[in-house]
Amino acid sequence: MTPTLSLTTRTAALLVGAVLTALLAGCGTSAEKNTTEALGTEGAAPPPEARQIAPAGLPGMPPVLDPKDVYAADRPGKLSPVVKDFPSRVYVPNTNSNTVSVIDPATYQVIDTIPVGIQPQHVVPSWDMKTLWVNNNRGHTLTPIDPATGRAGKPVEVHDPYNLYFTPNGKYAVVMASLDRELAFRDPHTMDRVKTVPVSCYGVNHADFSMDGRYFVVSCEFSGELLKVDTEKMEVIGQQRIPFEGAMPQDVKISPDGKTFYIADMMAHGVWVLDGEKFTTPKLLPTGKGAHGLYVSRDSKEMYITNRGEGSISVFDFAENRLTKKWQLPDGGSPDMGGVSADGKVLWLSGRYDAEVYAIDTATGEQLARIPVGGGPHGLAVYPQPGRYSLGHTGVFR
């Protein structure tokens, strides 16, 4: 039988419990408030049961700001102190002209043309956001551009740099050596080779990292395959062929909640939806002819999908998990790669086969400008953009 406590004993126990609860609550509120303020938010932290714990990240990686949104640092105008004084520009690599056209987004005018190496494919912001690297694929060099001045520096020798990424901890640059069939892990500043990872697929070109940064998914354009790579070990840990004859996967982008990877496919005319953790067979979401580039809106609610083969942009709603709009470029075009303006109001895209760049209003889909540039414009970079660090490509920020 359970013993019965006296009134005095019960009263004392209740008083002690109340004091301990108050002390613990006070300590918890202080710790949570400090943590919340350190992550750049305001106000009291939500109660523990309402908070989601961020995944343990890759060693050395900046902590995840919001476990429900990998793009939480990319809000309109939220520029890092590193980039806030850089002039707003659009840098367009012209693959056939071996130049970079520099556009002033305020006037929609080309204000400079920078000679670079042979076949520049992408303009890539460095992890520390201080340098723009031009990937001169067939020139086997990277040309650095100072975004503060717009001046190009001395090219750095790097073999077959089709595309360029950076590990989330800033430890390595990852060169997508498409024709060499390798992932080259390099020093992010000197670009000295650290480790070479040969691959059996053909045409490694685009990638994105998991929320915790511990792995990334790579598309192989010419063999229609996907790779899963362990970031820290620098090893391929998964490989699969896309279930579509003649598949040509292109851009890769992770969902805001970090659960899903989307892979554009220019021959399947849509976007493959992949569970990154399980790395099971992806499912196709048809979007339009020649699906190519993927860009997330500044509020993390939508993703813009360029359909290069039909001159259109499809809009995917993450919450509704469906396509909600399609914008057609007037007079057609070949929308390829690009990025979203710092304020989130304009989507900038290269016209790969039309020697032009398109500026699209993200609220209405209206074409704001059509700007002539050099031949074969490809992976243009809108710079600066919000975020704490760059994962590479034309500007993937966290």
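I first looked up an open sheet of four strands, which has the order β9-β10-β11-β12 with antiparallel pairing. Strands here are DSSP runs (E, at least two residues), numbered from the N terminus, and two strands pair if DSSP finds at least two bridges between them. The model is predicted: local features need pLDDT of at least 70, side-chain atom pairs count only at pLDDT 80 or more, and totals for chains, interfaces and linings use all residues. Residues are numbered from 1 along each chain as its sequence is written, and side-chain values use heavy atoms, with hydrogens and water left out.

I noted that β9 (163–166) and β12 (193–198) stand at the edges with a single partner strand each, so one side of each lacks a neighbour in the sheet. Between β9 and β10 (residues 173–177) I found four antiparallel bridges; Asn163 has Met176 in β10 as its bridge partner.

Of its 50 residues, Met176, Leu183, Val204 and Phe216 touch the most other members. Strand β14 (residues 215–220) gives the most to this core, with five residues. Apart from it I recorded another core of 15 residues, including Val83 and Phe397.

Last, I examined Gly276, in the loop between β19 (270–275) and β20 (283–286). Gly276 counts as buried because its relative accessibility is 0%. Leaving aside neighbours within four places in sequence, Gly276 is in contact (heavy atoms within 4.5 Å) with Tyr215, Lys228, Lys259 and Phe261.

Technical notes:
Buried < 20%, exposed > 50% of the residue type's maximum accessible area, 1.4 Å probe, protein only. Core = buried A, V, L, I, M, F, W, Y, C linked by side-chain atoms within 4.5 Å.
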